[in-house]
Amino acid sequence: GDILWTSPNTFVASANCALYCGAKPDFVDIDPHTYNISVDAMKAKLSKAKKNGCLPKIVIPVHFAGLPYDIEAIKRIADEYKLVVIEDACHALGAQWEDSKGRWHKIGSCSHSDMTVFSFHPVKHITTGEGGAITTNNQDLYEKLLLLRTHGITKNPAKFVNEDLAYSPSENSLTVLTPRSSNVNPWYYEMQELGFNYRITDIQCALGLSQLNKLDVFVEKRRSIAAKYDEAFKDIEWIKTPIESEASHSTYHLYVVQIDFNKLGKNRSQVMTILREKGVGTQVHYIPIHLQPYYGNKFGYKDGDYPIAEIFYSKALSLPIYPKMAEEDVEKVVKSIVGVLDVK
């Protein structure tokens with residue numbers, strides 16, 4: 001019955017997590033420049049929600065494409081309205097941002113949030129094959145997450161509830177139990193929550209640790225490729241390249257350009273097909289969640305509900321960007337894009 005807000009410009013997982021808990025997902029439109037949650041839209045929506053008595057409990061801002069959202073502004077709003085903040089940093093491992101006092105923070109430090117969620121899917125900055133990680137500075141949340149990860153089961157004697165089952169009689173008496181002692185029955189465990197089997201394997205962890213050592217190199221390579229794209233496309237009228245402020249350090253999980261397909265005279269499907277024939281794969285990130293049939297049928301969301309996200313979607317095209325791209329690969333993408341756009 002609780003309400004969770006997130007961005008419509010993200011993968012469906014950012015909203016689906018609310019449904020798994022019986023909560024209702026809702027959305028805040030995006031900023032037309034950063035493509036992250038709009039602070040102004042969030043303020044306006046909260047003001048209206050307060051009057052209607054339907055304030056959210058949780059907000060999940062997304063660091064879209066690896067660019068940190070306005071973290072300090074969202075934190076101020078969350079404190080005012082007593083919201084739990086969960087950072088969706090599935091695009092942003094290795095990203096950094098500068099606060100108003102000139103201090104730099106790494107995404108995942110949870111300096112201005114309750115939790116941060118990362119993805120280790122094969123296309124992300126580092127991979128474990130699948131899976132992810134959550135960071136938090138809150139001890140209670142940490143312990144709850146440990147339970148949920150493993151069927152809701154604990155083997156921690158300090159947490160045991162059924163002391164008569166957990167402990168053997170003390171050496172001094174056959175009938176008197178010694179709670180919180182060393183006499184824990186060696187086989188004993190307790191299920192205290194309805195949890196899940198979300199444990200990552202040792203093999204995956206070994207891969208992830210190996211990858212983590214290469215993270216800085218991976219990020220810098222992505223940033224180098226993004227800089228080349230920026231330079232190549234800066235004077236092309238029909239392309240808008242992603243922005244990065246001086247107070248943010250994007251990891252460029254995605255490099256999403258905005259193309260005015262109407263002015264171009266070719267629709268997006270045609271452009272993607274031509275590029276594919278040239279050996280350049282592209283993608284679209286993302287179809288706004290509220291336009292998915294499930295969300296329309298269940299909650300009544302429709303075209304026009306979040307216009308900035310919809311405009312962004314209509315022009316979005318993600319170009320190849322990954323650490324193993326060679327110089328000639330980047331040049332091929334640039335030449336192919338310029339050719340499709342028929343830029344002289």
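Reader: Which way do H7 and H12 cross, left-handed or right-handed?
Author: In this predicted model, H7 passes H12 in a right-handed crossing.

Reader: And what is the angle between their axes?
Author: The axis of helix H7 (residues 215–233) crosses that of helix H12 (residues 327–341) at roughly 30°, and the two axes come within 11 Å. H7 is therefore roughly parallel to H12, since angles under 35 degrees count as roughly parallel.

Reader: Which residues make the contact?
Author: H7 contributes Ile225, Lys228, Tyr229, Ala232 and Phe233. From H12 come Glu327, Val330, Val333, Val334 and Ile337.

Reader: How many of those are nonpolar, and how many charged?
Author: The contact of H7 with H12 has 8 nonpolar residues and 2 charged ones, with no polar residues.

Reader: Why do residues three or four places apart point the same way?
Author: An α-helix has 3.6 residues a turn, so residues at that spacing, three or four places apart, point the same way.

Reader: New topic: what caps the N-terminal end of H4?
Author: Asn138 caps that end of helix H4 (residues 139–149). A side-chain oxygen of Asn138 lies 2.9 Å from the backbone nitrogen of Asp140.

Reader: What about His151, is its phi positive or negative?
Author: His151, which follows H4, has a positive phi, near 60°.

Reader: Where is Gly265?
Author: Gly265 lies in the loop between helix H8 (261–264) and helix H9 (268–277).

Reader: Is Gly265 buried or exposed?
Author: Gly265 is exposed, because its relative accessible area is 62% and the cut-off for exposed is over 50%.

Reader: How far apart are Gly265 and Leu341?
Author: Gly265 and Leu341 are 76 residues apart in sequence, and their C-alpha atoms are 9.1 Å apart in space.

Methods. Residues numbered from 1 in each chain as written. Predicted model: local features only at pLDDT ≥ 70, side-chain atom pairs only at ≥ 80, totals over all residues. Heavy atoms only, no water. Helix = DSSP H or I, 4+ residues; strand = E, 2+ residues; numbered from the N terminus. Buried < 20%, exposed > 50% of the residue type's maximum accessible area, 1.4 Å probe, protein only. Polar contact = N/O pair within 3.5 Å; in protein donor to acceptor, adjacent residues only side chain to side chain. Axes fitted to C-alpha atoms, helices over the stretch in contact; angles between N-to-C directions. Parallel < 35°, antiparallel > 145°, perpendicular 65-115°, else oblique. Left-handed = near helix turned anticlockwise from the far one by under 90°. Contact = heavy atoms within 4.5 Å. Nonpolar A, V, L, I, M, F, W, Y, C, P; charged D, E, K, R; others polar.
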